[in-house]
Amino acid sequence: ANAQVRGKDPRERFRRRGPAPYQLGRYIRGSRSQLQRGRQDLDELQDQAPNLRETITGLEAASAVHEKEIAGLKDQESGLERSSTQAQEQFQQVRDHRDRWQQALQELRLELLNLENQREKWAAGKLALEANLEAAAERIARLEEGDDQARRNIEELTKRLSEAEAQEQVRKVAVTENRVTAERSEVAARASRDEVSRLEAQIREQQHSREAALNRQQELELNVLDLQQQEQLVRSRIQELYAVEVPDEPDEELPDEPSLTAAIGKIQASLERIGPINMAVGQEYEEQAQRQSFLTEQRDDLVAAEGSLLETIRRIDHQAREQFRETYDQIRHHFKQTFNLFFDGGVGDLRLIGDPDPLEAGLEIVAQPPGKNTRSLRSLSAGEKALTAIALLFAIYLVKPSPFCILDEVDAPLDDMNIGKFSRVIKQFSRDTQFIIVTHNKLTMQQADYLYGVTMEEEGLSRLVSVSLEQHAA
């Protein structure tokens, strides 16, 4: 009943002025008209109530179905997250296993290089012994056949030659066994890489499934929000048109006509006492409440994001320290071997100094070539410093080796003797890695298989020249 009476109650005016027949009849007719309009509005509301109840019931049923679907999707998401976590753990285990195999393979390669160096030394000794044997034979030819001293020398040299040949045979067997072991390690590492590739593909498939489930969940949540907004619009429309609050559970019992008339009178009197009402207050309240809810959600998201970022930073720092320490230990282990390989002995080491945090600490290089008591780079010559730097470079390279390696004039500060050491090591490493060296040193060029150069036969006209030293040697 939207009828409102402005001013004072007419019945009060009748009591003051006294009963007037024509006014009393007019008042009765007006009251009957208002009562008739109230009954019509009540009938319309009663007619619309079943439809509204059915609409609300349907919305509630759809919301319950969507909530069940959302719960199922959340369970699927949890299962996918557990599967993804397990796959990541398996991937990490396989990668650690692969790294251990690669480390063992590098150690076997270094051991093989050391054995080959020893074999070359024994071969050089054999050549020297053979030269001595030839010299002794010539002397025996010149001396008399009955010279006992010459015979003892020949027997001694023959004995040493036999021992050298026996040792060389043992070294060859050891080298062969190490090569077989290295090939087996390479096969195992290749299998580990294939397993890692398979696990990565499985993780990508699970991530795609998880993204599809999340998209489906977001669509359902948007549908639920749309239904809730439609329900709110229906309730707001009823409130605006009929000033009636639609209850969540409608009351089946309706009041009788005298009760409704008394209620209408009370409402009219209340409206007269209240005066004009600002109808925009509810809308403003809803806007401010929505803004407060939005700001609260944003603040909670920011707080959660801050905590997640701090946890991520802590985890990254911890992982970076562990990876740095692991890589540093590997480089230090390889540097000791490469330093000994380049200098044919000596002591090389790495130490962290300064800050106890490994990410902030400095690096000190300890270098003691054979026959020297110095342990600092400052007291070494320029060639020894360069050779130490090259040894450190190869130690870093051995942590993550590659099939190709480019060296740009690293041999420039080296003298002829150090060039020989450098070329010997490069020759040994070239069995597993192809080296591309930019150099101006002739001794280094002599050890290469192919030479590429740029010449300018005419002014402003350059031409590329290539030479295969293997063909010329053949």
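F335 and F339 are both buried, where buried means under 20% relative accessible area, exposed over 50% and partly exposed in between (1.4 Å probe, protein chains only). The model is predicted, so local features need pLDDT of at least 70 and side-chain atom pairs count only at pLDDT 80 or more, whereas totals for chains, interfaces and linings use all residues. Residues are numbered from 1 along each chain as its sequence is written, and side-chain values use heavy atoms, with hydrogens and water left out.

F335 and F339 form a tilted aromatic pair, 5.8 Å centre to centre with 50° between the planes. Rings of Phe, Tyr and Trp (its six-membered ring) pair if their centres lie within 6.5 Å; planes under 30 degrees apart count as stacked, over 60 as edge-to-face and the rest as tilted. The two residues are four apart in helix 5, so about one helical turn separates F335 from F339. Helices (H or I, at least four residues) and strands (E, at least two) are DSSP runs, numbered from the N terminus.

A search of the whole structure finds seven aromatic pairs. F394 and F435 form a tilted pair, because their ring centres are 6.0 Å apart and their planes stand at 35°. This pair links distant parts of the chain.

The largest nonpolar core has 32 residues. Such a core is a set of buried Ala, Val, Leu, Ile, Met, Phe, Trp, Tyr and Cys residues joined through side-chain atoms within 4.5 Å. F342, F394, L407, F422 and F429 have the most contacts inside the largest core. Two or more residues each come from helix 2 (21-142), helix 5 (280-343), helix 6 (382-399), strand 3 (404-408) and helix 7 (416-429). Helix 6 gives the most, with ten residues. F422 touches F342, I390, L407, V410, D411, L414 and T444, not counting residues up to four places away in sequence. Contact means heavy atoms within 4.5 Å. Another core, of six residues, lies apart from the largest one. Its members include A87, F91, V196 and I203.

H334 is found in helix 5. With a relative accessible area of 0%, H334 is buried. Its contacts, leaving aside neighbours within four places in sequence, are Q103, Q106, L110, A395, L398 and V399.

The axes of helix 6 and helix 7 come within 11 Å and cross at roughly 10°. Axes are lines fitted to C-alpha atoms, for helices over the stretch in contact, and angles run from 0 to 180 degrees between N-to-C directions. Helix 6 and helix 7 are therefore roughly parallel. Angles under 35 degrees count as roughly parallel, over 145 as roughly antiparallel, 65 to 115 as roughly perpendicular and the rest as oblique. On the helix 6 side, G383, E384, L387, I390, F394 and L398 take part. They meet N418, K421, F422, I426 and F429 of helix 7. The residues of this contact divide into seven nonpolar, two polar and two charged. Ala, Val, Leu, Ile, Met, Phe, Trp, Tyr, Cys and Pro count as nonpolar, Asp, Glu, Lys and Arg as charged, and the others, Gly among them, as polar.

Most residues other than glycine have a negative phi. D344 has a positive phi, near 55°. D344 lies in the loop between helix 5 and strand 1 (347-353) and is partly exposed, with a relative accessible area of 41%. For E409, phi is likewise positive and near 55°. E409 sits in the loop between strand 3 and helix 7. At 34% relative accessibility, E409 counts as partly exposed.

E470 is found in helix 9 (residues 469-473). E470 is partly exposed, with a relative accessible area of 44%. D449 is 21 residues from E470 along the chain, yet their C-alpha atoms are separated by 5.9 Å. E470 touches D449 and Y450, not counting residues up to four places away in sequence.

Overall, the protein comprises nine helices and six strands. Of its 474 residues, 23% count as buried. Among contacts between residues at least 6 apart in sequence, 65% join residues at least 24 apart.
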